[in-house]
Amino acid sequence: MDIADFYETFFEEAEELLADMERLLMELDVDDPDSEDLNAIFRAAHSIKGGAGTFGFTVLQETTHLLENLLDNTRRGELKLRRDIVDTFLETKDMLHDQLDAYRNGSEPDAEAFERISKVLQKIALEELGQEPVSAPSEAAASAPAEPEPQAVVEPAAAVDHGASRKVAIALSGVGEKDRDLLVDELQHFGKVLSQSGNAERYDVVLESTESLEDMEAVLCFIIEPDQLSISESAAEASPVVEKAPDVTPPAAAAPVEPQPAPETPATTNSETVESKPAAPKAAPKANKAAKGAESSTIRVPVDKVDQIINLVGELIITQSMLEQTASNMEIDSHGPLVNGMNLLQRNARDLQESVMSIRMMPMDYVFSRFPRLVRDLAAKLGKDVELVTEGKSTELDKSLIERIIDPLTHLVRNSLDHGLEAPDKREAAGKSATGRLTLSAQHQGGNILIEVIDDGAGLNREKILAKARSSGLTVADSMSDDDVWQLIFAPGFSTAEQVSDVSGRGVGMDVVKRNIQEMGGHVEILSEPGHGTTTRIVLPLTLAILDGMSIRCGKETFLLPLNAVLESLQPQAEDIYSMAGDDQLLKVRDEYLPIITLHRALDVTGAKTAVTDAIAVIVQGEGRRYALLVDDLVGQQQVVVKNLETNYRKVPGISAATILGDGSVALILDIADLHRLDRRKSQQRFEAKRTHLHEVSPA
Amino acid sequence: MSNQPSVEAAITDAASSEYLVFSLGEEEYAVDILKVQEIRGYENVTRIANVPDFIKGVTNLRGVIVPIIDLRLKFDLENVEYGGQTVVIVVNVADRIVGIVVDGVSDVMSLTPDQIKPAPEFGVTLSSDYLNGIGSLEDRMLVLVDIEKLLTHEEMQLVERTAESA
């Protein structure tokens, strides 16, 4: 294995740890922080520091080191948290992320930013830990109004800790010679190795060191498993500090930089060992166990491998359907076992398909978890008081969609904060609580997922939107329905914000949001009530790979309709059909007049039923448009594997994709919205052709 | 470029490069064998509406949806029939898999550079832009088709132009 592979593992893991750290910091109750959470945050910083040290990412290591020290003080109750301190921690986390990205791209992180953040962190350490204040009186006054920390005085200063070296006994079990030498090398970074002896089964090392046991353990666990290791202080020769032995923790402010194991060290171990490196300090055994449990129950797999399995399973299902068709013609009496076997195969194949598909599914929490931070920062910037509520975090969505939904959703959240929710005084004047409420929710509805961004702000302003639309040159009418008015904000370049802020208001967003979502096969709806808020609803298919379809026949050809677009189907009666100018027809369904689109005309199918009353009208809805699609026959519902037409061919008008039927032939999946556009275009052409024809005929 | 024998062929083997010879009506054509993935019969093609007539539709090639193009229609040949002899040459061009319908596949030929003559400027239906040249073999004449150029040309409407997809 190459060291570069470990880099990637480290980056991925560090990124996850940073995300955890942010989430925990966000959830932290500043006045009464949960010690488990504090420990978890500390451990995250600690693990990153360790990894950064191993790979020689010095700046990252030093930054995490400073942060870790403060976190350590915090979890021991020496540093009392305040909102501004948490803010600084969050800022540091962002900085760490930048540094990580820099290393990932093979460049050095921004040294200036590092200088700045380390000054800030050091200042907190100095001020909050009762040491002499530094020369920044204005800021000190602003940021240190807290009562002096009693513990901080009691706590031995770094210098005291520093000299306090004691003997540490380390027992290694089941460690090979090569690893053992590495471990001893590592230990020499911590202090003086007094003695070493033993064999592969058990090897004892006695070390004189000032470092904490946890630090040692964390470093050694890069090389071996935690259960191979036992570290204890040899009490007999204990030096003075050992009084607080059971809870020995890293020295407050002066813990030296983590030693850097030789770069080849991790290369001699397998990746599993590296994965287990967040060998959490013993301080939180419970959390440690939980973390380990989660670790062993997941594996990292490249997405293309998963996709390959999904494709293969898709093929399997098709083969199975083909066999099933053959078997269904057989006599059950003479081929009983075969028919039974086919039934079993069918069930197993479907189960397999479902399980495989679920691999790609990810909970919406992956998306939602990044919003608390965004909302908090934005709300502070805008001077608004906002409470963020998330619902349906565990709702699952296909991975490819979940990644693509982040940007549009971020945009909608920003919009809600900026334009939707009012400032606290305005809210109070309107009789609402000063704290605005922003809800993100996700839920399944049939084969779709419904994602909503709900604010209880002022709602959309109909007049303002209409006025703005007019001034932007859009054609509007006062009689437009609310829904149509709301759709205007998706027009390119549209923004009603009176002031363009750096948050939103440049009008380059909503049309992009809409387009992105349409590309994912979904659509956006807006519901708004003046004074009560706005709900933006995104409807997306759960996955792009499998479709619940209704197969229909037209002439000799079979097509599939996405089931979620089908509202109902009926046999049209002659008295319900109305003609409109030219050859346009309308179908009266209950109290509604729906345009009729004839499939065989739109797709030039030969041999289809031409009389409207012979056909079946399927009422479909796509992109908010509803119409009656005339087909010859309904065949049935089935789940199909969606195959992209564009892989080897191109986009076809009126068609969204293709699939392979049980007999191995290809059937096209209709694109309801595009079919409507195609039909419009075609009847326009027919109309023009007729006119030219008339013109040609009349002079003759 | 198009009037020269393929540079690749000259490098790999100065002596010859191999071509798959197929027939369209009475004429013999050939394509670079390295572009050919497989040869199969013409069956089970699903028609696609609102596309040029030479695009016969799509078919299922072991789970992959592959467009089928009838070169006979593209080249305006008469007597286009589909029978047991009708063959689809599956080619791999520009990261795409495309099937082309021909009347039959005869053999694989090795052509030396001096057997490949520059293609003359001619017809509208088959511009010399799409040709690698003319292969002359005793009394036979092979039209060496640059299948990649032909299939990716915009008038084939096989590959979406960037302007269109925006």
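Me: Is the crossing of α3(A) and α5(A) left-handed or right-handed?

Reply: The crossing of these two helices, α3(A) and α5(A), is left-handed. Please bear in mind throughout that this is a predicted model.

Me: How should I describe two helices that pack against each other, and what are the values for α3(A) and α5(A)?

Reply: In general, two packed helices are described by the angle between their axes and the distance between the axes. Here, helix α3 (residues 58-75) and helix α5 (residues 111-128), both of chain A, have axes that come within 10 Å and cross at roughly 20°. Angles under 35 degrees count as roughly parallel, and α3(A) and α5(A) are therefore roughly parallel to each other.

Me: Which residues of α3(A) meet which residues of α5(A)?

Reply: From α3(A) come Val59(A), Glu62(A), Thr63(A), Leu66(A), Leu67(A), Asn69(A) and Leu70(A). They meet Phe114(A), Ile117(A), Ser118(A), Leu121(A), Gln122(A), Ile124(A) and Ala125(A) of α5(A). Divided by class, the residues of this contact are 9 nonpolar, 4 polar and 1 charged.

Me: At what angle do the axes of α17(A) and α21(A) cross?

Reply: Helix α17 (residues 399-420) and helix α21 (residues 510-519) of chain A have axes that come within 10 Å and cross at roughly 150°. Because angles over 145 degrees count as roughly antiparallel, α17(A) is roughly antiparallel to α21(A). The crossing in which α17(A) passes α21(A) is left-handed.

Me: Which residues make the contact of α17(A) with α21(A)?

Reply: In α17(A), the residues are Arg404(A), Asp407(A), Pro408(A), His411(A) and Leu412(A). Their counterparts in α21(A) are Val513(A), Asn516(A) and Ile517(A). This contact has 4 nonpolar, 2 polar and 2 charged residues.

Me: In which sense do β17(A) and β19(A) pair, and over how many bridges?

Reply: β17(A) pairs with strand β19 (residues 625-631) of chain A in the parallel sense, over 3 bridges. To find this pairing in the model, look for Thr598(A), which stands opposite Leu630(A) in β19(A).

Me: Where in chain B is Asp95(B) found?

Reply: Asp95(B) is in the loop between β6 (87-93) and β7 of chain B. Its phi, near 60°, is again a positive value in a residue other than glycine. Asp95(B) is exposed, with 8 other C-beta atoms within 10 Å.

Me: How many helices and strands does chain B have, and in what order do the strands of its open sheet stand?

Reply: Chain B has 4 helices and 11 strands. Of its 166 residues, 36% count as buried. An open sheet is formed by 6 strands in the order β8-β1-β2-β11-β10-β9, with mixed pairing. At the edges stand β8 (104-111) and β9 (116-117), each with a single partner strand, so one side of each is left without a neighbour in the sheet. Strand β1 (residues 17-24) of chain B pairs with β8(B) in the antiparallel sense over 6 bridges, and Phe22(B) stands opposite Val105(B) in β8(B).

Me: How many residues does each chain bring to the contact of chain B with chain A?

Reply: The contact takes 21 residues from chain B and 22 residues from chain A. On the chain B side, β4 (55-61), β5 (64-70) and β7 (96-102) each supply at least two residues, and β5(B) gives the most, with 4 residues. By class, the side of chain B that touches chain A has 12 nonpolar, 6 polar and 3 charged residues.

Methods. Residues numbered from 1 in each chain as written. Chains lettered and ligands numbered in written order. Predicted model: local features only at pLDDT ≥ 70, side-chain atom pairs only at ≥ 80, totals over all residues. Pairing = 2+ DSSP bridges. Buried ≥ 20, exposed ≤ 12 C-beta atoms within 10 Å, placed from the backbone. Contact = placed C-beta atoms within 7 Å. Nonpolar A, V, L, I, M, F, W, Y, C, P; charged D, E, K, R; others polar. Axes fitted to C-alpha atoms, helices over the stretch in contact; angles between N-to-C directions. Parallel < 35°, antiparallel > 145°, perpendicular 65-115°, else oblique. Left-handed = near helix turned anticlockwise from the far one by under 90°.
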